[in-house]
Structures are given as structure tokens and as C-alpha cells.
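Subject: Structure for you to look at

Hello,

Here is the structure I said I would pass on. My notes on it follow below.

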Amino acid sequence: MTNDPNTQSSFAMMCCAHGAETLVKEQIASEGWRLAFSRPGFVTAKHDQKRQPPTGVFIRTASRSLGSAKNTHSSVMIEKLQQAIASEKVPFDQLHVWPRDRTAIGRFDFEPGIDEVSAAVADEIWSALHDGAASGGPGLICARPNQIAENGQRILDVVLVDPSQWFFGTHESTTLPTRWPGGVQPIEPAYEPISRAYFKAAESIAWSGFDMRPGDLAVEVGSAPGGACGRLLELGMQVIGVDPAEMDPRIADHPRFIHYPARAGDLPRRVFRGAKWLLVDSTVKPDATLSTVRNMVDSRETSFRGLLITMKLGEYENATHVERWCNFIRTWGVERLEVRQLARNRCEVCVAVTMPA
């Protein structure tokens with residue numbers, strides 16, 4: 001599937017979480033896209049009119065499709081890639097190469113992102129294309145592959161649907177997730193995280209754009225054993241953790257951390273006085289989560305500026321409730337609301353809410 005500059009049609013390729021592709025297909029079909037090749041975690045489609053690649057809650061990455069190749073020899077695949085981009089007139093600023101999710105996030109400890117195979121492929125492609133004159137095509141400007149892009153840069157995307165089947169595309173970086181290779185935040189913790197909640201918190205904070213600063217007071221509901229709190233403390237914040245379960249000693253003993261071993265709804269609201277940020281990631285149903293959060297933000301004792309709420313879907317069929325949940329949050333008089341299935345989310349979504357100052 002390729003884009004022909006002489007036609008008025010559009011071709012797109014999209015990545016999502018393994019299992020979320022049905023939701024992606026339903027969304028883009030309603031927008032006039034006709035489905036083509038797909039695999040779990042990967043979808044391609046055609047539109048009869050000129051359109052930008054679709055975006056949506058469950059679309060992690062979206063690119064203008066340039067073609068594909070299938071072969072057991074990488075040299076043949078790179079030749080196909082060179083042919084696919086030969087008509088492109090401008091060099092690419094970045095090269096991003098990543099695999100589609102091979103299974104559901106968390107299953108067999110799977111996490112999305114660049115693996116050894118895609119890293120090796122990226123190096124091989126870069127070696128062939130970084131000198132445009134030598135490659136006979138537009139070439140690559142980047143000093144190495146899979147760097148975080150700057151805003152407005154033009155990126156060559158290569159998705160390894162399988163090690164022997166690659167899809168090629170391009171997109172312009174406009175938002176923070178579109179700057180990350182494969183839409184997955186590259187992050188190297190200073191210390192071994194207590195749990196994967198560290199990565200979820202890091203991604204949600206970065207994606208939200210919240211201006212979290214050292215010394216700010218943040219509250220996390222559902223804090224045990226302390227993965228997300230670890231990220232908040234790493235950013236220099238004062239942190240209140242709310243969870244009946246025990247915290248990891250590395251968090252519990254931190255001088256900027258206070259633990260309340262209780263449910264958030266059972267605590268007096270004065271406990272949260274002065275808190276600017278609220279993170280919620282508890283294993284309860286979304287309606288109950290939202291009821292608790294509403295009671296917290298409605299209190300005269302609280303003055304939260306930003307909320308990061310994880311909504312557990314359980315099954316992807318429950319995504320039909322997302323708009324209802326968002327409409328309920330909007331009744332709180334919010335300033336801004338965005339929702340996205342983060343790359344680190346399992347079968348869940350994150351809602352970023354900015355409250356009036």
C-alpha cells in the first residue's frame with residue numbers, strides 16, 4: 001500500500017496496543033477509511049480523498065504509508081525501502097524503526113518499544129540511507145536512528161510487522177508522542193523502578209504537559225507498592241500516597257513521602273490541602289473511581305490543578321463507556337480534557353484533566 005502523489009487518495013498505517021485494533025478499525029471506518037492489511041496491533045487503510053492519517057484515543061502511531069516489503073534478507077528489504085522513498089524530494093530528519101506489539105502489554109512481562117531485532121534493523125537501514133548521494137534517494141539527516149524527534153521534523157517510519165515483513169511510512173512530529181520512536185517514551189530510570197507503574201506515570205506526566213515542579217505536592221491514589229510515587233519523588237515533588245496496601249520501604253522511608261493506609265474516600269479532605277496534582281490508578285471500576293475523584297475535587301479543602309486518571313476497561317468492549325466517563329468529568333467545570341491509551345497502558349486509558357486555576 002503506497003501513496004501515489006498523482007491521485008487524490010490517501011494511504012495510512014497505524015500502530016496500537018495488541019488487542020485494540022478492532023477499536024481502531026471501527027473508528028477509522030466511520031471516518032471513510034477502507035481497511036486493508038492488518039495484524040494485531042497494526043492496521044493499514046485507504047481513503048478515496050486526500051486525508052491526514054487518522055488520530056484517536058487508541059491509535060498510538062499514524063503515518064502516511066509509503067509501501068511494504070516481505071523477504072528473509074534485510075538487504076532486499078532495504079532495496080524495497082529505497083524504491084519506496086525514491087519519489088520523496090526532501091531528506092528525512094529522523095529514522096524510527098520499531099516492532100508492532102507481539103502480544104498484550106503485561107502478558108509474559110511484555111512491554112512495547114524497540115527490541116534487539118528492530119534496533120539492529122534500524123542500524124542497517126541508517127547505514128544504507130544516511131548518505132543520500134550514496135543511497136540514490138532523499139537520505140537521512142539524523143546522526144543515528146531512533147532518536148527523539150524535534151517538533152516539526154519529518155520522520156521515516158519502518159514498522160516490523162514481522163522480522164521478515166516491513167511497512168514503510170512517514171509522519172511529521174507535532175505532539176510529544178509523535179516525537180518518540182513508535183510512540184513509546186524512551187526513558188532510562190536512575191534506579192530500578194519498584195514497579196511498571198513508574199513508566200506509566202512518567203509517560204502520563206510527559207504526555208499531559210503538566211508543569212510539575214520540584215516542591216509541588218502530588219497525591220497518588222492507588223499508590224502501592226510505589227512505582228508511580230518513585231517517579232514523582234524523582235522529579236523532586238512532595239508526595240502523599242493513598243492505598244490500604246503496604247508501600248515498598250524505599251518509598252515509605254523517603255523524607256518527602258507520606259503514606260495514608262486507607263481508601264481515599266475515607267480520608268478527611270484536609271489531608272489533601274495544598275496538593276496541586278492528583279494521580280489515580282486504582283484497581284476499581286471507573287464509575288467508582290470517578291465518584292471518588294469528584295468528591296475530592298469538589299471539596300473546599302482542595303485545589304488540584306491537574307488530574308491524571310487511569311480508567312480500567314477490563315475488556316476493550318467497554319471502551320464504549322469512555323465518552324460517557326469524559327462527559328461526567330466535564331461536569332466538574334474542567335479547563336481541558338484529553339484521553340489516550342498510553343503506550344504503557346494495559347487494557348485501560350489515561351485521562352488528563354486541567355482544572356481552572
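Where the two domains meet, 17 residues of domain 1 touch 15 residues of domain 2. Please keep in mind that this is a predicted model. The division puts residues 10-183 in domain 1 and 196-354 in domain 2. Their centres, taken over C-alpha atoms, lie 32 Å apart.

Between them the two domains bury about 1400 Å², and 60% of that is on carbon and sulfur atoms. On the domain 1 side, V57, F58 and I105 lose the most area to domain 2, together 35% of what that side buries.

Four residue pairs are in polar contact across the interface, both residues of each pair being at pLDDT 80 or more. Elsewhere in my notes there is a salt bridge between the side chains of R344 and E111, at 3.1 Å from N to O.

The other item is a sheet. Seven strands make up an open sheet with mixed pairing, in the order β10-β9-β8-β11-β12-β14-β13. From one strand to the next the twist averages 15°.

Helix α10 (residues 322-330) packs on this sheet and touches β12 (306-312), β13 and β14 (348-354). The direction of α10 makes about 160° with that of β13.

Within the sheet, β8 (residues 217-221) and β9 (residues 238-242) run parallel and are joined by five bridges. V219 has I240 as its bridge partner in β9.

Regards

Notes:
Residues are numbered from 1 along each chain as its sequence is written. This is a predicted model: local features need pLDDT of at least 70, side-chain atom pairs count only at pLDDT 80 or more; totals for chains, interfaces and linings use all residues. Side-chain values use heavy atoms; hydrogens and water are left out. Two strands pair if DSSP finds at least two bridges between them. Helices (H or I, at least four residues) and strands (E, at least two) are DSSP runs, numbered from the N terminus. Axes are lines fitted to C-alpha atoms, for helices over the stretch in contact, and angles run from 0 to 180 degrees between N-to-C directions. Contact means heavy atoms within 4.5 Å. Domain bounds come from an automatic or database domain assignment. Buried area is the accessible area (1.4 Å probe) that two parts lose on being put together, summed over both. A salt bridge is a side-chain nitrogen of Lys or Arg within 4 Å of a carboxyl oxygen of Asp or Glu. A polar contact is a pair of N or O atoms within 3.5 Å; within protein, one must be able to donate a hydrogen and the other to accept it, and residues adjacent in sequence count only if both atoms are side-chain atoms.
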